Amino acid sequence: MNDDADQQHPAPATPQANPGYAAGQLAKALRTALTHDDPDTRHRAEERGRAWRSVLTGMANGLLGIGSRTPVKGLPAWVTPAVLRGGFATGEPSAGGPLTAYEVEAARRAGVPQDRRALFAYWLSEDGLAQLCELLDSGRYEVTVPEEAALLTVAWLARAGETDAALTLVEELAPFADRLRFAPRPADRPAPDAGTVHRQTVAEAGQSLARRRTNAAVETQREALAVWQPFGDELLAHWLETADAGQPDTGQADAGQPDQVGTRVPDDGWHERGAELLRRYRDLARRHTRCTKHLKPKENLAILRGALEETVAGRELDARWLGLLRHAVTSMVQRRGLPDSAEFRALRREQAAQAALPSHHALAQLVLRRLSGLDQQAGVAEVAPLVAPVSGEEARETGLPVRAVVPAGVRRPVEAALSAPLGTLVELGIVPSAEVLAELVPQLVAVTAAQAHPDPALRTLAAAHHRAFAGRRSLLLLSLQRQVRAEELPWVRAVAGQRTDSEAGEVSARALRQLGELTVQAFPGTLLPNPLIRELSVLARQAELGAPLVEELAADIFMGTFTPKFLTAARIAAELLGGGSLYERYYGIDYRAVRNLAIVETGEALTRSYGARTSPGFAKLCVEREQSASSSFDRQHGYWSPAANGMVIEQAQILTTHNLATLVHRVGIAPAVGWEELARRCFVTVCRLTTRVQANPRPLPTIKDVAYAWRQLLFHLSLCTPAERTRTLAWLSEELTRHPAHVTARLAPALTGLHQVAEGGRPDEGAGRLLLGWTTDGHWLRTEPASTA
């Protein structure tokens, strides 16, 4: 970092969150609440609007300090705040609000006033503690927010003879007894099976199905096929009887003379049959109102019906009506043939079969009936019976066609409720992304982390608490503050001495290795999301592997500093990739210097910035590497430019490999498919993402993802044997030709640069380009290729 930049753009002494973001979210919520067609969506938007309004009010009156670990005035860090998008606390605790139904029922049974302080006192009585101990032993309770585990911990401590610890915990909880709920919700079933997970419960799958509405467009088409087209056919056949082909009157028109319609009206009851058709039309129009095409004057059916009304009323068709009528009949016959032709009948049979297909809404209601008899708070053990075709008995009960197939859109919510090992859900595609994986991992980590407690009741409680704590949304934090960890919560600290970490460490290490392998293999080329990193970090700390896992930093609030674990992670990468690896040469890294820097800083007192430990050497190295391409701290962009900050952050990700080296070198992951296959999968991801750059008005987020996938490609290639690497490099060139021309043109410079590095050169020589994600200028990857312009 140069001196001029320091003088021109000093970091603020007291960083504050920008209220402009909250104001923008409020405006967005209000707009949705006023304009959206769906009433449920409008209602949810109104709720968000009220929450964002409370954020702005709290920031204005000083009750909220957004950017702090204690954002709500008067509440300690361990209290779980309600958090909105972007990490903004609303000012309300998640365990607060009106009494829940189970709290009201508990107060009624206990004979105490319906307020939380009275309930708190009751739970500490002899009867209350006895009920809590029953819950502990049965495991039939739900901890939805971390605070609901507090009184169960008190009961366990009291039963275990840890009276002093129980009293200390009660003293810390008591000041908030009137605001927060500290007791769990009783449940009808024990804790879930430790070996399986599910994305949704049966109840949640049912809610998804219940929200399916009748598709207006589909039902309109169904009405057109089932009602109006058959009626139009009758009108057409009726008018074709009036075509004079110079033949004896047989009641049927000559196929070759539709343009002579209206020449001669048969005298065999034609007017009476026409009057009956008009009566039927009025009845159909009254009962079937979705399709309105028949009401449009220029439509063929409306012309045929209007002409018939004129004729039945005894009025002779003038030249205008005859012209319209004959044009309509001729066009209908030319398009589909005569009503008595084989082709016409085949078309109408096919359309009738299509119209007879049951609606997705009706089939969703059937599947909902099948789900109603299952445990609503669990997953499903088997999906196939729930989405099987309609049985004969169900057809008789519902009116649905027998053997009607349940469509994919109705199957998906049920599949999301499948309870199975995590690897199975990934293999079946039920877990489609690393972000969804991060939502499920806490269920497994909870059980693994709880193994440190030998007491079964405490182990069950610890697992339930971990699942609840994993749902605690991250706060927007400034000045390198750290998110609250579970071990900082008073009830977790109170039982910390009950842990036996020896065996638990081995279990955690094994679980960490399995989850790491699953993630890297299932989602190649994807950055590990921060929620997943936090869960893996829990296992890493318990396993004591010395495996620092680093989060993705937000460019808009980055303050130019890094915590020491970033340098430690870079040193691990140096141990794995140093000595001239393809990765080291491609990105121009001097991993020997990184190792020396880590040794020096480890032996010195680390710098503190805003009260947090930092690694100034690592920050300086990232800035210097970024400045080798362009200055992110110049007068034009300034220190606080998100793009400039992103360039520095990207250098940190390059140096650390963003956890890949740590997972390989310290955790010991070894994906079964091998590094060569992973490199190929990463390149497929690169090509797929590059496809989205074409005609994209905002391509930079996609280009950033392309660079992430490219970096993982380089990492996996560096772990291949020389023969595997040579084979894969040749495959990359072949694979690129299988993608659209604009993808080939865009990625050709990057692939050329990679080949140049493999041959001992640099990536940015000649036609080659170094592929990075962030830039303060126009990115070369977004430029429209000349060959496809």
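Biologist: Between which two helices is Arg473 found?

Modeller: Arg473 lies in the loop between α20 (456–470) and α21 (490–494); helices are DSSP runs of H or I with at least four residues, strands are runs of E with at least two, and both are numbered from the N terminus. This is a predicted model, in which local features need pLDDT of at least 70, side-chain atom pairs count only at pLDDT 80 or more, and totals for chains, interfaces and linings use all residues. Residues are numbered from 1 along each chain as its sequence is written, and side-chain values use heavy atoms, without hydrogens and water.

Biologist: What makes Arg69 and Glu488 a salt bridge?

Modeller: The definition requires a side-chain nitrogen of Lys or Arg within 4 Å of a carboxyl oxygen of Asp or Glu. The N to O distance here is 2.8 Å, so the pair meets the definition. Arg69, in the loop between α3 and β1 (81–83), and Glu488, in the loop between α20 and α21, are 419 residues apart. By this rule the count comes to 31 salt bridges.

Biologist: How do you know what confidence the predictor has in the chain?

Modeller: pLDDT is the predictor's confidence in each residue, from 0 to 100. The chain has a mean pLDDT of 87, and 92% of its residues reach 70 or more. Over residues 629–639, however, pLDDT is below 50.

Terms used:
Contact = heavy atoms within 4.5 Å.
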